[in-house]
Amino acid sequence: MSLLLQPLRIATSAKIPFLKLWVFLRQRFYLLLAGIFIALLGGCDQKPKFVLGLERISADISQARTGRLSEFFESSIEYIWLEDDSEEAQLNAGLQKVLFHEDRIYTLDIYGCKCIHIFDKSGKYLSKIDAYGEGPGQYLDFDDLAVVDAELVLLGVFPRKIMWFSLEGEFLREHFFQERVGPGVFSDLDQRFYLYTETRDPEDYFVKSFNKSFQDTIKHFPYHPERLYGNFSGRNFFQKSTKNLYFGMTYLDTIYQVDKGNLVPKLAFDFGKYGQDLDEIKRLDAGMERLDFINNRAELYFRGQYLISEKHLFALLAYEKKGIFLFFDREQNKTHLIEKRLTNDIDGGYDPLGIIHSFAPGKVGVKVPGRDLYETLLEKKADMGKVEFENWVKNKGRNFAETAMKARASENPVLIVYPLK
């Protein structure tokens, strides 16, 4: 599969000739870099570690293996049960996002109550934002949440607006848009919002960025009818590390980094002979035929779900009927492909099937319904002898067992938090 290293064209509301010339020259420069990289990649036996700042990730399915948590995470696991002692605190099973900020935990339930629950850092319920409706200070739909200047910012809102709330959940203000804007992030690096909006308009762009006062607009990533995009919310396409902001999109094999207002190719997947020919998918009817192929027969491609730090990239790939989890060590330029569950060799508790949530910088993990976690505890008890189980519960598995017992009758999730190495 060819590497998609074209620079992302930028359009801006400014109409200054010099600025247009500068944008034009910068585009030509990135095209030159991409051309040099592809030329170097022409021989299949060449495997450069870095080419002009681009990190190349070789993914060979034949090397897929089982993995252990201790390979990638620190030797401590935190368990936080989001308690549901009251009806107000009950969460929908399909919780879409969990955000840690200072001493609060914010959860987005987009398809259930269409609300945001607020918990303290130990998981005790505090309050919620439930503003469903058609009037001022209300929404019919939303898709994302960010914290900006000690305020909650609701993104991907319908009708077309952005809404601000206090950290306690009090409505503050809103800003309407003429055009549709979707989910995204706020970048502290350049003090701009970056928002993704699904489009099929040849004159439109997938990514738009705005300054804090929404006085200018910069557009990135123009729609090209000949490419395969799929239908995705884009909620996970932007990811932050402690120092940078990245953009990765389903079916693309390149993750871009925001650099001085541009989206610059930074990490490129090389799937080799296992890579899916995207033209093959595009030739299929866009209905059940394509869906059946993607779910059952498609070869290796990037699913658009990833977590990133200065040291590591964690990405979810799809191959035929199974998901493959990719760990890429950015410092050592080494790829690990993990299939099946990661063995919990840290405290012997829950074995995760991939890591899909970024709770806060340096903290990633999964969410598991309390009842399911308790079932895992019962399985451990059945597999171990009585003496071994009692010793494990009192020592290595103490935090896991205590949380599983407390949440044993709960449908609310337990957040399992893994600190990055």
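Q: What should I know about the model and the numbering?
A: It's a predicted model, where local features need pLDDT of at least 70, side-chain atom pairs count only at pLDDT 80 or more, and totals for chains, interfaces and linings use all residues. Residues are numbered from 1 along each chain as its sequence is written, and side-chain values use heavy atoms, with hydrogens and water left out.

Q: OK, how many bridges between β24 and β25, and in which sense do they pair?
A: Five bridges, antiparallel, with β24 covering residues 322-329. Two strands count as paired if DSSP finds at least two bridges between them. Phe-327 stands opposite His-336 in β25.

Q: And which way does β4 run with β25, parallel or antiparallel?
A: Parallel: three bridges join β4 (residues 65-68) to β25 (residues 334-343). Gly-67 has Leu-342 in β25 as its bridge partner.

Q: Switching topic, what's the strand order in the open sheet?
A: β5-β28-β27-β26, four strands with antiparallel pairing. β5 (78-81) and β26 (357-360) are at the edges with a single partner strand each, so one side of each has no neighbour in the sheet. The twist averages 35° from one strand to the next, with axes fitted as lines to C-alpha atoms (for helices, over the stretch in contact) and angles running from 0 to 180 degrees between N-to-C directions.

Q: How many bridges hold β26 to β27?
A: Three, and β27 spans residues 363-369. Ala-360 has Lys-363 in β27 as its bridge partner.

Q: Which strands does α4 lie across?
A: β27 and β28 (413-419), with α4 (residues 370-383) running at about 90° to β27. Helix α6 (residues 398-406) lies across β5 and β28, at about 10° to β5. Contact means heavy atoms within 4.5 Å.

Q: Now rings. How many aromatic pairs in the whole structure?
A: The search finds 38. Trp-392 and Phe-400 have ring centres 5.9 Å apart and planes at 50°, so that pair is tilted. Rings of Phe, Tyr and Trp (its six-membered ring) pair with centres within 6.5 Å; planes under 30 degrees apart are stacked, over 60 edge-to-face, and the rest tilted.

Q: Is Phe-400 buried or exposed?
A: Buried, at 0% relative accessible area. Trp-392 is buried too, at 8%. Buried means under 20%, exposed over 50%, partly exposed in between (1.4 Å probe, protein chains only).

Methods. Helix = DSSP H or I, 4+ residues; strand = E, 2+ residues; numbered from the N terminus.
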